[in-house]
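Here are my notes on this model, point by point. Please read them with the structure open.

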Amino acid sequence: MTVCPPGSGPACSTGWLEPREEAANLAWARAFYQDLFAESGGVPVPGEAYDGAFINHPDTDLADPTLNTSGVPWHTLYYQGNYERLQRIKARWDPRDVFRHALSVRAGLSAASSDVRP
C-alpha cells in the first residue's frame, strides 16, 4: 500500500503486511518512485518542481547510483547547499557520531562522499 497524503508533495509512505511479498512490493515501490520523478533522474532534485527529499524519510535508494541517475548526490537532495556547514556543526557537536542514521550528516568526510551507513 502506498499512501501520499494530500498536500504532502512527493512524500509517500509504503508498507506491506506479508514478509513474503517484500521483494515484489519493494520493486513496485521503486518503479513508482522512478516513474514519479522520471524527468529528474528518478529522484526529487531540488529546483522549480521539487524542494528535494525529506530527511524525516531517509531513503538509502537515493544514494544508489543505479536508482539515482540524476547526477545529484544524496546529500544535496536532503540538505541542498547546507551540507558542508552541517558537516562543520556535526564535527563540533557530535564528533563521535552518536546521533546518526543511514543518510545523516557525516563529519570529516568530503561532501562528495556517497557512502551509506549500515
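1. Y50 is partly exposed, because its relative accessibility of 27% falls between the 20% and 50% cut-offs. The model is a predicted one, and the points below should be read with that in mind.

2. What is the geometry between F37 and Y50? The ring centres lie 4.8 Å apart and the planes stand at 75°, so this pair is edge-to-face.

3. Is F37 buried or exposed? F37 has a relative accessible area of 1%, so it is buried. The cut-off for that label is under 20%.

4. F37 also pairs with Y33. Y33 keeps a relative accessible area of 21%, so Y33 is partly exposed.

5. How many aromatic pairs does the structure hold? The count is seven. Ring pairs also tie W74, Y78, Y79 and Y83 into a cluster.

6. S40 is another residue of the loop between α1 (22-36) and α2 (74-79). S40 counts as buried because its relative accessibility is 17%. A polar atom of the S40 side chain lies 2.5 Å from the backbone oxygen of V43. Please look at that distance in the viewer. Beyond its neighbours within four places in sequence, S40 touches V45 and S70.

7. Helix α1 carries F32. F32 has 31% relative accessibility, so F32 is labelled partly exposed.

8. Now the charged pairs. The structure has four salt bridges. One of them joins the side chains of D61 and R30, at 2.6 Å from N to O. This bridge spans distant parts of the chain: D61 is in the loop between α1 and α2, R30 is in helix α1, and they are 31 residues apart.

9. How covered are the two partners of that bridge? D61 is buried, because its relative accessible area is 17%. R30 reads 33%, so R30 is partly exposed.

10. E18 and R20 form another bridge between side chains, again with 2.6 Å from N to O. R20 is exposed, because its relative accessibility is 67%. E18 has a relative accessible area of 34%, so E18 is partly exposed.

11. K90 and D97 meet in a salt bridge of 3.0 Å, N to O. Which residues make up the salt-bridge network here? K90, D94 and D97 are linked in it. K90 is buried, because its relative accessible area is 10%. D97 itself lies in the segment after α3.

12. Where is Q80 placed? Q80 is in the loop between α2 and α3 (83-93). Q80 is partly exposed, because its relative accessibility comes to 30%.

13. Points to check in the viewer follow. For the rings, take F37, which is buried at 1%, and its edge-to-face partner Y50. For the charges, take the bridge between D61 and R30 and the network of K90, D94 and D97.

Terms used:
Residues are numbered from 1 along each chain as its sequence is written. This is a predicted model: local features need pLDDT of at least 70, side-chain atom pairs count only at pLDDT 80 or more; totals for chains, interfaces and linings use all residues. Side-chain values use heavy atoms; hydrogens and water are left out. Helices (H or I, at least four residues) and strands (E, at least two) are DSSP runs, numbered from the N terminus. Buried means under 20% relative accessible area, exposed over 50%, partly exposed in between (1.4 Å probe, protein chains only). A polar contact is a pair of N or O atoms within 3.5 Å; within protein, one must be able to donate a hydrogen and the other to accept it, and residues adjacent in sequence count only if both atoms are side-chain atoms. Contact means heavy atoms within 4.5 Å. Rings of Phe, Tyr and Trp (its six-membered ring) pair if their centres lie within 6.5 Å; planes under 30 degrees apart count as stacked, over 60 as edge-to-face and the rest as tilted.
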